[in-house]
Amino acid sequence: MFITFEGPDGSGKSTQIGLLSEYLRESGCDALVTREPGGTTIGERIRTILHDVKNTGMSSEAEILLYSASRAQLVAELIRPNLAAGKTILCDRFYDSTIAYQGYGRGLDLAMLQRITAFAVKHLKPDLTFLLDLDVEAGLLRRERGDVEINRMDLQARSFYERVRQGYHELAATEPERWVIVNANRPIEVVQADLRATVIERMRIF
Ligand code: TMP
């Protein structure tokens with residue numbers, strides 16, 4: 001089963017993924033955690049370029065191709081072989097981040113992004129996607145408090161994050177059978193309980 005986690009920085013994705021993977025392993029499920037951009041040696045090198053706050057001159061086209069290159073490597077090297085081996089993959093971001101950030105956020109053509117993405121992942125689709133939803137104000141506050149590492153993508157105007165959030169909600173509305181929206185502005189253990197309940201239910205029917 002392939003599960004992806006989306007949402008703004010500061011929504012607690014990595015904490016929640018860590019807790020969920022521990023729980024799944026304790027329950028006897030072979031769960032593997034990975035992330036985007038990154039997850040492979042090549043992908044982590046691309047991540048360094050993408051996140052470097054010195055790279056403010058990066059064009060939107062270069063940005064989408066770098067995210068897509070990291071994703072293509074991750075799918076080929078790690079996700080497909082491990083899904084074929086029967087593992088459950090928990091991935092911190094996937095192509096929906098590209099549609100939300102580069103599409104809705106930067107305003108790149110959505111149909112073109114979808115074509116690039118389909119090429120990169122060879123039409124692989126998550127079975128379940130969680131949106132850890134947080135209003136823009138709460139997300140910015142968490143970043144200002146220093147709870148999360150600041151990367152190049154954190155240097156955008158507030159309106160950018162508004163568009164990203166709106167984009168996520170539109171994506172979720174288009175594929176309601178794949179997406180589950182979780183209110184991330186609650187205590188860690190409450191959010192975790194929601195994630196576990198959904199995963200248990202989906203695994204039963206998967
Ligand atoms: P994170 O790993 O801390 O979540 O940071 C990744 C950043 O990169 C985050 O700000 C979202 C952004 N991003 C995109 O803009 N497009 C993408 O396709 C992906 C995977 C991430």
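Me: By class, how many nonpolar, polar and charged residues does the lining of the second largest pocket have?

Reply: Eight nonpolar, four polar and five charged (Asp, Glu, Lys and Arg are charged; Ala, Val, Leu, Ile, Met, Phe, Trp, Tyr, Cys and Pro nonpolar; the others, Gly among them, polar). This is a predicted model, where local features need pLDDT of at least 70 and side-chain atom pairs 80 or more, while totals for chains, interfaces and linings use all residues. Numbering starts from 1 along each chain as its sequence is written, and side-chain values use heavy atoms, without hydrogens and water.

Me: Which residues of that lining are closest to the centre of the second largest pocket?

Reply: A pocket is an open set of points on a 1 Å grid over the protein atoms alone, fitting a 1.4 Å probe, with protein on both sides within 12 Å along at least five of seven lines; lining residues have an atom within 4 Å of a point. Here 17 residues line the second largest pocket, with Tyr-95, Asp-96, Gln-114, Glu-175 and Arg-178 closest to its centre. Helix 5 (110-121) gives the largest share, five residues (helices are DSSP runs of H or I, at least four residues).

Me: And what lines the largest pocket?

Reply: Its lining has 31 residues, with Asp-9, Lys-13, Arg-47, Asp-92 and Arg-93 nearest the centre. Helix 1 (13-26) contributes the most, five residues. By class, this lining has seven nonpolar, twelve polar and twelve charged residues.

How values were computed: Helices (H or I, at least four residues) and strands (E, at least two) are DSSP runs, numbered from the N terminus.
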